[in-house]
Structure formats: C-alpha cells, structure tokens
Amino acid sequence: MFLISVGAIIIQLLLAVNLRLVLGETLIALVGGIVYAFIMVHNGIWDKGLSAREALWRDFLTSVICAGIFSVFYGICLRRMGATEKQTIYFALLFLGGITIVAFIVLRVLSYFNRNRRRISVNGEQRDIPTTKTGSTKIYNAKDIVEAGRIIELLKEQGIAAFSQEASASVAMHGALGFGMYGVDVLVEGDEAKKAIQIIEAADDSQSKEKF
C-alpha cells in the first residue's frame, strides 16, 4: 500500500503537476509508513540482525537514496512549472539536503526506540537481547548440550520453537563430545525472546525453591 501510494504520487505529479490531486495518496502513504514503522519498532525488529554501525550506515544511505530519488522528481516538476534551470538546481539541492537530514533523524529515532524495545530486565538489570544475522535471538548460554536440550524442550512445551548452536565460532575447540569450551547457545525467533526468557527465569526460580 505504501509503495503503490508513493508510485501514484510521483506519476500524478509528473503528469498534472498539481499537488491537490495527490493529497489522498500522500495521506495513505504517511499513515501506512507510520503503521509499518510502529509495528517494526514495537516488535523490536527495526534493526534486526544489524550492529550499531551497520544500522547507522543503513539509515544514512537510505536517507540519501530516498531523498535523491524524490529530488529528481521534484526538479522535473519545477521545470514543468516554469522554473529556470538555475532555480531548479538550487531548490532541488535544498530539497535534497533538507529531506536527507529529516529522514536520517527520523530513522535514528526509530532505531533508538527499537533498541529500547529490545532491552530486557534480568534480575533488575537492563540488558540487550542479542540478535543474529538470521533474525534469531540468543536467550541463554547453556554449559553443555544436555542443559541446552533441557531448555529447548521446556520452551517447546510452551509452544516456542528453539534451537541450539555452539557459542564459539570455532567448531574445533571441544573438551569432549557434545561439550564446547564456550558452552551452547539457545536461540529463538526474535519476537519470542522476551516470553522465552520469562519462562526460563520462572523455571529457575521454581527449581531454586524446590532445592531450598
């Protein structure tokens, strides 16, 4: 809906050069974009699988590219409205700079709120939920594959799909079969991370009480 609205805006501006004709499409594009951004940030997947530096560069390049595309169409509309070549270049460059800055600020604000959504409280301490390139989230580091299996089964009983992988990047560093020197990570889908952590913490609390 968002892309179709933007396409309709551009086509109508080029054909009719009348801003009143695109008010409806502009409203739909804005509402669609806001709803999309809210859903992504609410689920903590706006910067899914990106490091802070990668997210920064992505936001910058996205701002420049999008502003550049619209600046070209803006310049064409100005020419069709009778602006001189010098005026067209001047206003198009101002438009490019202004939209780039605004878009970059908006994207960084969304990234900031997204990071806050991805922070969890563990024993009263705020921690970041790490996300892999595939979009899966590391929620637990087990001491061995046996403990990892127990955690995975616990989560599956609660309807959460989970899997494990070695915590070390090197598969050659083993002390014994099934026991990595850096433990075994348990991962789930990003939107299930908070629920999975709560389940694990509840199970740990229950075991502690039973032992006591």
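**View 1. The lining of the largest pocket.** In this predicted model, the residues lining the largest pocket divide into 30 nonpolar, seven polar and no charged, where Ala, Val, Leu, Ile, Met, Phe, Trp, Tyr, Cys and Pro count as nonpolar, Asp, Glu, Lys and Arg as charged, and the others, Gly among them, as polar. A pocket is here an open set of points on a 1 Å grid over the protein atoms alone, reached by a 1.4 Å probe and having protein on both sides within 12 Å along at least five of seven lines, and its lining residues have an atom within 4 Å of a point. The largest pocket has a volume of about 1400 Å³, the volume being the space filled by probe spheres set on the points, which are joined across faces, edges and corners. Of the 37 residues that line this pocket, Phe2, Val6, Leu30, Phe70 and Ile99 lie nearest its centre. Helices H1, H2, H3 and H4 each supply at least two residues of the lining, and its largest share, nine residues, comes from H3. Local features need pLDDT of at least 70 and side-chain atom pairs count only at pLDDT 80 or more, whereas totals for chains, interfaces and linings use all residues. Residues are numbered from 1 along each chain as its sequence is written, and side-chain values use heavy atoms, with hydrogens and water left out.

**View 2. The whole chain.** The protein has six helices and seven strands, taken as DSSP runs numbered from the N terminus (helices H or I, at least four residues; strands E, at least two). Along the sequence they follow the pattern α-α-α-α-β-β-β-α-β-β-β-β-α. Of the 212 residues, 31% count as buried, that is, under 20% relative accessible area with a 1.4 Å probe and protein chains only, while exposed means over 50% and partly exposed lies in between. Among contacts (heavy atoms within 4.5 Å) with a separation of 6 or more, 63% are between residues 24 or more positions apart.

View 3. Helix H2 comprises residues 23-42 and reaches 28 Å from its first C-alpha to its last, close to the 28 Å expected for its 20 residues at 1.5 Å a residue, the expected span being 1.5 Å times one less than the number of residues. Ala29, Gly32, Ala37, Met40 and Val41 of H2 are buried. These residues lie on the same side of H2 because they cover an arc of only 155 degrees around the axis, the arc being that of the directions from the helix axis to the C-beta atoms. On the other side of H2, Leu23, Leu27, Ile34 and Phe38 are exposed. The buried residues of H2 pack against helix H1 (2-16) and helix H4 (85-117). H2 is followed by Gly44, whose phi is positive, near 70 degrees.

**View 4. Helix H3 and what covers it.** The end C-alpha atoms of H3 are 42 Å apart, which agrees with the 42 Å that its 29 residues should span at 1.5 Å a residue. Buried residues of H3 include Ala55, Asp59, Ser63 and Ala67, and what covers the buried residues of this helix includes H1 and H4. H3 is followed by Gly82, with a positive phi near 100 degrees.

View 5. Ser111 lies in helix H4 and is buried, with a relative accessible area of 0%. Leaving aside neighbours within four places in sequence, Ser111 is in contact with Trp46, Asp47, Arg58 and Asp59. Val106, also placed in helix H4, is partly exposed, with a relative accessible area of 44%.
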